[in-house]
Amino acid sequence: MLVNLIINGLVVFVTGRILPGVVINDFFTAVVVSIVLGVVNTFIKPVLLILTLPINILTLGLFTFVINALMVLIVDSLVPGFKVDGFLSALIFSLVLTIVSAVIYSLTS
């Protein structure tokens, strides 16, 4: 579990350094962002998915990307040292984070 946390923190840190519009102060902040993002995705995201189920069905699941961006914006408001400039930056950050995490976890599993 600790290794997964460090890997996820590293992915958040590198993604934040690469993308314009996303600022992460240091690696510790990236680890905190990954922890808070995991907590937010565990408790708030399922509620939002249920509440937005009709629009999610109409968009064939693409509205889930909007919900992921909203989760990143929530983490932005909760974690000092992590700044996302806007919705588009949050959307791109969440997409890159999802893709890179999936690739890394598929290689390590």
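The structure is a predicted model, in which local features need pLDDT of at least 70 and side-chain atom pairs count only at pLDDT 80 or more, while totals for chains, interfaces and linings use all residues. Residues are numbered from 1 along each chain as its sequence is written, and side-chain values use heavy atoms, with hydrogens and water left out.

**The whole chain**

The chain has six helices and two strands, where helices (H or I, at least four residues) and strands (E, at least two) are DSSP runs numbered from the N terminus. Read from the N terminus, these elements follow the order α-β-α-α-α-α-β-α. The radius of gyration, taken over C-alpha atoms, is compared with a globule rule of 2.2 Å times the number of residues to the power 0.38; for 109 residues a compact globule would have a value near 13 Å, and the 14 Å of the chain agrees with this. Buried residues (under 20% relative accessible area, with exposed meaning over 50% and partly exposed in between, for a 1.4 Å probe and protein chains only) make up 35% of the 109 residues.

**Helices H2 and H5**

Helix H2 (residues 27–43) packs against helix H5 (residues 63–78) at an angle of about 125 degrees, with the axes 10 Å apart. H2 is therefore oblique to H5, since angles under 35 degrees count as roughly parallel, over 145 as roughly antiparallel, 65 to 115 as roughly perpendicular and the rest as oblique. Axes here are lines fitted to C-alpha atoms, for helices over the stretch in contact, and angles run from 0 to 180 degrees between N-to-C directions. In this contact (heavy atoms within 4.5 Å), Val33, Val36, Leu37, Val40 and Asn41 of H2 meet Met71, Val72, Ile74, Val75 and Leu78 of H5.

**Two residues compared**

Not counting residues up to four places away in sequence, Val75 touches Val33, Val36, Leu37, Val40 and Phe82. The C-alpha atoms of Val75 and Val33 are separated by 6.8 Å, although the two residues are 42 residues apart along the chain. Leu60, for its part, has a positive phi of about 60 degrees although Leu60 is not a glycine.
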